[in-house]
Structure formats: structure tokens, C-alpha cells
Amino acid sequence: MKLFQRLLVAPAALGLLSPLAANASDVDFQAISNYSIEENEVDSNTFKLKSDKSLLLSGGEGLVDDHSHDGGFSETTTASFGVDMAIGAVDGPGTSAEAVKFAYSAGIGLETSFTGEDSLSMTIDIGNAVAADLVGGTAGLNYNGTADKLVLDGLTYSFPLGGATIMVGDNTDASATFTGACAYTAFTDFMGNCGTGYSAPGAKGVTAAMSYAFDNGVSFAAGVSSTETAVLTKEGDDAYAAELAYTADNYGLAVAYAMSETTPSGGTQAEYTAWGLNGYYAFDAFTVSAGVESKDPETTATEEGYFLGLSFPEVGPGSFDIGMGTSDTYADSATEYYTYEASYTYPVNDGLTITPGVFIKEGTTDNTGFVVKSSFSF
């Protein structure tokens with residue numbers, strides 16, 4: 001570069017540098033050198049990004065002392081996750097009888113509070129709808145068959161009112177606030193409510209429910225559910241349910257009544273009413289759970305069903321459950337079929353539980369299965 005060109009460039013360069021020199025005292029270079037992303041902490045419970053350092057703006061203007069938006073969830077928001085994986089075989093009818101199959105089911109639970117006494121909750125499920133013998137089909141295992149798609153499985157808001165708890169929401173059922181009196185850990189789906197599935201209707205929809213707990217161990221709950229497109233009108237299917245329960249130190253008892261226009265699986269049928277009674281009693285070495293139910297369909301004869309289960313809480317490092325009951329409710333003139341099951345639950349650690357189980361489900365053709373389930377919670 002020729003001499004006169006250098007002389008022209010030098011003043012321009014000095015002009016650019018002079019503002020930086022003048023503002024150098026306004027920038028805390030020591031704070032910049034001390035800033036480290038490693039000092040940010042992630043809280044696994046609240047997913048809240050925390051930092052005791054101010055953030056450096058990308059433009060380099062300096063450090064921001066007040067940073068009002070931290071990019072995290074509310075401090076009252078929690079999330080829980082669960083995953084079930086099962087592998088097993090069912091000996092029954094069909095071209096894939098005795099084939100070893102795999103099924104998975106996962107759930108995400110989100111909950112937050114605005115007053116400390118209320119609760120906004122949401123549950124999201126996903127599961128494979130393949131291997132129907134393992135996913136709510138022939139075997140009736142309690143798995144989410146959502147065809148590998150995320151599905152909303154409950155959106156509710158609960159709040160106190162006059163000593164009671166009120167719950168409103170969608171994709172939940174009229175019995176959502178029931179206490180129940182069943183201490184049995186079920187392996188197949190129908191056993192999960194101690195054989196009282198019709199008096200605690202599980203057909204999901206728009207729901208309003210309440211519960212009230214008295215000081216003497218007695219509780220009362222009631223609810224109503226409707227389809228989203230026809231709430232409490234003749235064009236839709238509605239379900240009403242109520243329960244009175246008593247819980248003591250080592251036993252419990254609950255009686256429930258329901259009037260429903262849908263089956264627990266959600267299919268439309270003639271209106272029915274049902275009464276259910278279940279209870280448990282805990283001895284020193286084991287707990288007995290039992291349930292009986294009477295269902296009165298509008299167009300057919302009265303049907304009945306029952307359940308009996310034993311739970312042994314301390315068998316080696318785990319617990320053992322064995323139960324039997326009718327596979328459904330049956331009229332006196334109908335042939336009754338039964339389901340038998342046994343399972344052993346072994347906690348490997350706080351987040352992983354292994355449960356092998358066997359079952360026999362009678363029908364026009366019996367189904368016998370062996371499944372090993374791994375359950376993760378985090």
C-alpha cells in the first residue's frame with residue numbers, strides 16, 4: 001500500500017476504535033471471563049433453568065443484571081413418566097397362536113397448581129396396537145393400544161369447594177373420584193377393579209365429579225360423564241355413578257351404583273344399571289380382596305359376576321398375587337367363564353420393577369399365556 005493510502009486509512013481505523021476505548025470501562029470483563037454455562041443447573045422436578053450469573057447478550061453490549069424470563073416451567077409444575085414393556089406368548093386361537101410377541105405402553109403425567117390447593121392434570125399415553133393378544137385383546141392386559149400415537153388420556157382440573165373436592169375435565173370417567181376398596185395388584189385388565197367394572201363405569205368423556213372425605217373414614221363420591229358432542233342430551237351416551245366407601249387401618253369396604261348407556265370399553269349398548277361391592281382385609285401375612293357385582297341391562301336378564309384375590313406383600317424380595325373371577329357378568333342361563341392369574345412383582349431398584357405372570361382365560365376356546373413385564377418409572 002502506498003504511503004498516502006496508509007495515511008487515509010489510519011484516521012478511519014482510529015475513529016472506529018475510539019468508541020470502544022471510551023466504553024471499555026462500562027463492560028465488566030472479569031464477569032465475562034467468570035461466566036460459564038456449566039454453572040447452570042437443571043432441576044429434574046421442575047425443568048427450571050437456574051443460574052446465579054447474568055447472561056451475556058449476543059451483541060456484546062454487556063451483562064444483563066435483570067433477566068425476568070428463565071425459560072422454565074412454573075415451580076409448581078411436576079412431570080412423571082412410566083414405561084411398561086412386555087414379552088410373552090398366548091396359547092389360543094388364531095394363526096399366530098403361541099407366537100412370542102412384544103408390547104409396550106408409556107404414559108406422561110403433567111400436573112400443576114395455581115393456588116396450592118387446586119390441581120390441573122394431564123395424562124398422555126402411547127402404545128403399540130400390534131400383538132393384540134398382549135394389548136387388551138385376548139389376554140386383556142392393561143396396555144395402551146394407541147397405534148404408536150400420542151393420545152390424551154385425561155385432562156382434569158380439581159379444586160376444593162365447601163370441604164369437598166370438585167373435578168371437571170375430559171377423557172375421564174364418572175368414577176374418577178372413587179376411593180374403591182381393592183388391595184389386589186392385577187395382572188390382567190378385568191381384575192384391576194376387583195371385578196366391579198360396570199358399577200365403576202370407565203367410558204370416557206366430558207366429566208364432572210366430586211368427592212367428600214368425612215373424619216371417621218367414610219367417603220362419598222359421585223360423577224357424570226357424557227360424550228363431547230352431546231352433553232347430557234338424548235343424542236349422546238351418558239353415565240352416572242356414585243360410591244360410598246369406608247377405610248379403616250386394616251380393611252376397607254365400598255359400594256357403588258352406576259347407570260350407564262355405554263360399556264366400560266366405550267361401545268354403545270342398551271342402558272343398564274349396576275351395583276358393585278368390593279372390599280379387602282389385611283392379615284399379618286396376606287391380604288384378601290373380593291368383589292361382587294350385579295348388572296341389569298335394559299333389554300336382557302340380570303347378570304352377575306365376582307372376584308377373589310390374595311396378595312402376599314413379602315415373598316422373598318418381592319410380592320406375590322393370585323386371583324380368579326368371572327371374565328364378565330353372566331345371566332343365570334348363560335355359560336360362565338373364568339379368568340385365573342398369578343404374578344410375582346420384584347423391584348430391581350426405585351425405578352425398575354420386573355413382573356412375570358401367567359393367566360388362563362376361559363371361553364369358547366381357552367387362552368393360556370405367560371408374560372414378563374418390565375415397568376420403569378421416572
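Biologist: Which strand is Leu277 found in?

Modeller: Leu277 sits in strand β14. Keep in mind that this is a predicted model.

Biologist: Is Leu277 buried or partly exposed?

Modeller: Partly exposed, as its relative accessible area is 38%. Leu277 also belongs to a nonpolar patch on the surface.

Biologist: Which other residues form that nonpolar patch on the surface?

Modeller: Among them are Phe214, Phe220, Leu244, Trp275 and Tyr306. Together the patch residues have about 890 Å² of accessible area.

Biologist: Where does the largest share of the nonpolar patch come from?

Modeller: From β13, with three residues. Both β13 (251-262) and β14 (268-282) supply at least two residues each.

Biologist: New topic. How many disulfides does the structure hold?

Modeller: One. Cys182 pairs with Cys194, and their sulfur atoms are 1.9 Å apart.

Biologist: What does that pair tie together?

Modeller: Cys182 and Cys194 each lie in the loop between β9 (164-172) and β10 (205-213), so the pair ties together parts 12 residues apart in sequence.

Biologist: Why is the disulfide called right-handed?

Modeller: Because the torsion about the S-S bond of Cys182 and Cys194 is about 80°.

Biologist: And Cys194, buried or exposed?

Modeller: Buried, at 0% relative accessible area. Cys182 is partly exposed, at 28%.

Biologist: Now the aromatics. How many aromatic pairs are there?

Modeller: The structure holds 15. Take Tyr198 and Tyr272: their ring centres are 5.7 Å apart and the planes are at 90°, so the pair is edge-to-face.

Biologist: Where do Tyr198 and Tyr272 lie?

Modeller: Tyr198 is in the loop between β9 and β10, and Tyr272 is in strand β14. So this pair ties together parts that are 74 residues apart in sequence. Tyr198 is buried at 10% relative accessible area. Tyr272 is buried too, at 1%.

Biologist: Which residues do ring pairs link into a cluster?

Modeller: Tyr246, Tyr251, Tyr281, Phe283, Phe286, Phe312 and Phe320.

Biologist: Last one. Which residues are in the largest nonpolar core?

Modeller: There are seven: Ala86, Val90, Ala103, Tyr143, Phe187, Phe359 and Val371. A second, separate core has six residues, including Ala174, Ala221, Ala256 and Ala258.

Biologist: What do nonpolar side chains tend to do in soluble globular proteins?

Modeller: They tend to be buried together.

How values were computed
Residues are numbered from 1 along each chain as its sequence is written. This is a predicted model: local features need pLDDT of at least 70, side-chain atom pairs count only at pLDDT 80 or more; totals for chains, interfaces and linings use all residues. Side-chain values use heavy atoms; hydrogens and water are left out. A disulfide is a pair of cysteine sulfur atoms within 2.5 Å. Helices (H or I, at least four residues) and strands (E, at least two) are DSSP runs, numbered from the N terminus. Buried means under 20% relative accessible area, exposed over 50%, partly exposed in between (1.4 Å probe, protein chains only). Patches are made of residues with over 30% relative accessible area and no salt bridge: like charges are joined within 9 Å, nonpolar side chains (Val, Leu, Ile, Met, Phe, Trp, Tyr) within 5 Å. Accessible areas come from the Shrake-Rupley method with a 1.4 Å probe; for residues, only the protein chains shown count as cover. A salt bridge is a side-chain nitrogen of Lys or Arg within 4 Å of a carboxyl oxygen of Asp or Glu. A nonpolar core is a set of buried Ala, Val, Leu, Ile, Met, Phe, Trp, Tyr and Cys residues joined through side-chain atoms within 4.5 Å. Rings of Phe, Tyr and Trp (its six-membered ring) pair if their centres lie within 6.5 Å; planes under 30 degrees apart count as stacked, over 60 as edge-to-face and the rest as tilted.
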